[in-house]
Amino acid sequence: MDIIQKYNVSVPRYTSYPPANYFEPMDSGRYIEAVDESNHTGSPMLSFYLHMPFCRHLCHYCGCNSYLMPRTGDAVDRYVKALHREIDLVAAHLDRHRPIAQIHYGGGSPTAMPVGVLRELNEHLLSLFPTIDRPEIAIECHPGYLTLEDWQQLTESHFNRFSIGVQDMDERVLKTVNRTPSLLPLQQIVDLLHVAGATVNMDLLFGLPYQTAGSFVESIRRAIAIRPERLVTFSYGHVPWVFKRQQILEKIGLPPTDEKRRMFDEASRLLHEAGYRSIGLDHFVLPNDELFTALQEGLLYRNFQGYCTRRTTGQVYAFGATGISQLDTFYAQNTKDIEGYIRDTMSGRLSTAKGYHLTPQQRICKEVIERLMCNYRIRWSELADTLAVDHDTLFSAIHYDPAQLQDMARDGIINLSNDGIAMTDLGHPFVRNVAAALDPLMQYTDKKFSKPI
């Protein structure tokens, strides 16, 4: 059987373990207890995520919790006030000596908000806690609406990492998916950000209508010429049963699986020739990037915000509608209802809707899957030492099936040894499959996920 056909099946992305569709109904009281406990367990560093749900237009491919920005009324102002209120409610339960390692704005389109709003939110958080040396303060940017003055103001608002959502350089593709192209030349934007001392991610998406391996490689070629520190080639995750707007793309027609695989393979080849190094599932970075150093040292990490280093990793406290907090032993997600979020928060209550409390066994499994997803390898003896458990405890916490792993080794996607698993170059796109093979929850599940390719 063809390798792509065999392994291109529904498996989690593993931005968390367990994945978010395993979360259960949860009240805010239990989350506050977990916040209090987080001062004494897990990383002492703080990572804050702020969800900005509004967009000026909704892209058809989008898998985020996004909503059209209201053109009238005060919904945006009320949402921002609720964010400030939620920050104060959570901060009251956090040790004020804990340092901020990371602040990340996602959405929606965070840059649909006035830059002054973003600056005030940053300054609110920075006024409450100290920071590590060089904390990462990152924002996802839609370049379709930002003027030169907007970009300049963003660099003056404490941000030092910018993820620019280019998606594709072909305007026909962008028009088809309802994406507005960049208002300014991308080279001009990146040059401005580099002068300000910022790190730049350029994000591209493959698997969209009218894309071919040739057209996507041309977009990659143009991106390389601009020379951002990081280039990200996200695989479009087609989950129309979750996001109905994706059905529009299904009707237009999506590239076949083998063509989508060629897009990634050719892009990867070109990026490597240009001096970029592979990180995780879909990132390519320059050799002096701290993500590459972390990968070499086995210290790469991943959360809902993406790949990061242990230096900039803390327990994640999320603010805003749908925001997901990732604590050492606990996940909590706010309501998706924007009006409900505002109402609860302004009444002095957190709007926690769902969550998950990890068992000791699941914490072990979480560490196994995180290491595999981030560093492409697991050494059982090293992991047992880190977790202070014996090998029997380690293997009983995961789904360890030697026959299944040996089958993957015969297919050439992993190398097996007495002390671990290592992904092969051929197997990199299927690391999610190997993680799922080790996941007890995936052995009997009715959950639906996207495919690796």
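Modeller: The model is a predicted one. The partner of Glu123 is Arg119, and the closest N and O atoms of this salt bridge are 3.0 Å apart. Arg119 is likewise partly exposed, with a relative accessible area of 32%. Helix 4 (residues 115-128) holds both Arg119 and Glu123, which are 4 residues apart, about one turn of the helix. Side chains of opposite charge can pair when their charged atoms come close.

A further pair sits in helix 10 (residues 257-273), where Arg269 and Glu266 are 3 residues apart, again about one turn of the helix. Their salt bridge has its closest N and O atoms 2.8 Å apart. Arg269 has a relative accessible area of 37% and is partly exposed; Glu266, at 31%, is also partly exposed.

In helix 16 (residues 402-410), Asp407 and Arg410 are 3 residues apart, or about one helical turn. Their side chains meet in a salt bridge at 3.6 Å, N to O. Here the two partners fall into separate classes: Asp407 is partly exposed at 26% relative accessibility, whereas Arg410 is exposed at 62%. Elsewhere, salt bridges that share partners join Arg310, Glu367, Arg371, Arg379 and Glu382 into one network. Within it, Glu367 pairs with Arg310, with the closest N and O atoms 3.9 Å apart. The count of salt bridges comes to 23.

As for the domains, the assignment gives domain 1 as 1-17 + 360-452 and domain 2 as 18-319. The contact between them takes 31 residues from domain 1 and 27 residues from domain 2. The C-alpha centres of the two domains lie 26 Å apart. About 2,500 Å² is buried between domain 1 and domain 2, and carbon and sulfur atoms give 55% of that area. On the domain 1 side, Thr15, Cys374 and Asn375 lose the most area to domain 2, together 21% of what that side buries. Across this interface there is 1 salt bridge.

The surface also has a nonpolar part. Tyr210, Ile248 and Ile252 make a nonpolar patch of about 250 Å². Ile252 belongs to helix 9 (residues 247-252) and is partly exposed, at 36% relative accessibility.

Conventions: Residues are numbered from 1 along each chain as its sequence is written. This is a predicted model: local features need pLDDT of at least 70, side-chain atom pairs count only at pLDDT 80 or more; totals for chains, interfaces and linings use all residues. Side-chain values use heavy atoms; hydrogens and water are left out. Patches are made of residues with over 30% relative accessible area and no salt bridge: like charges are joined within 9 Å, nonpolar side chains (Val, Leu, Ile, Met, Phe, Trp, Tyr) within 5 Å. Accessible areas come from the Shrake-Rupley method with a 1.4 Å probe; for residues, only the protein chains shown count as cover. A salt bridge is a side-chain nitrogen of Lys or Arg within 4 Å of a carboxyl oxygen of Asp or Glu. Helices (H or I, at least four residues) and strands (E, at least two) are DSSP runs, numbered from the N terminus. Buried means under 20% relative accessible area, exposed over 50%, partly exposed in between (1.4 Å probe, protein chains only). Domain bounds come from an automatic or database domain assignment. Contact means heavy atoms within 4.5 Å. Buried area is the accessible area (1.4 Å probe) that two parts lose on being put together, summed over both.
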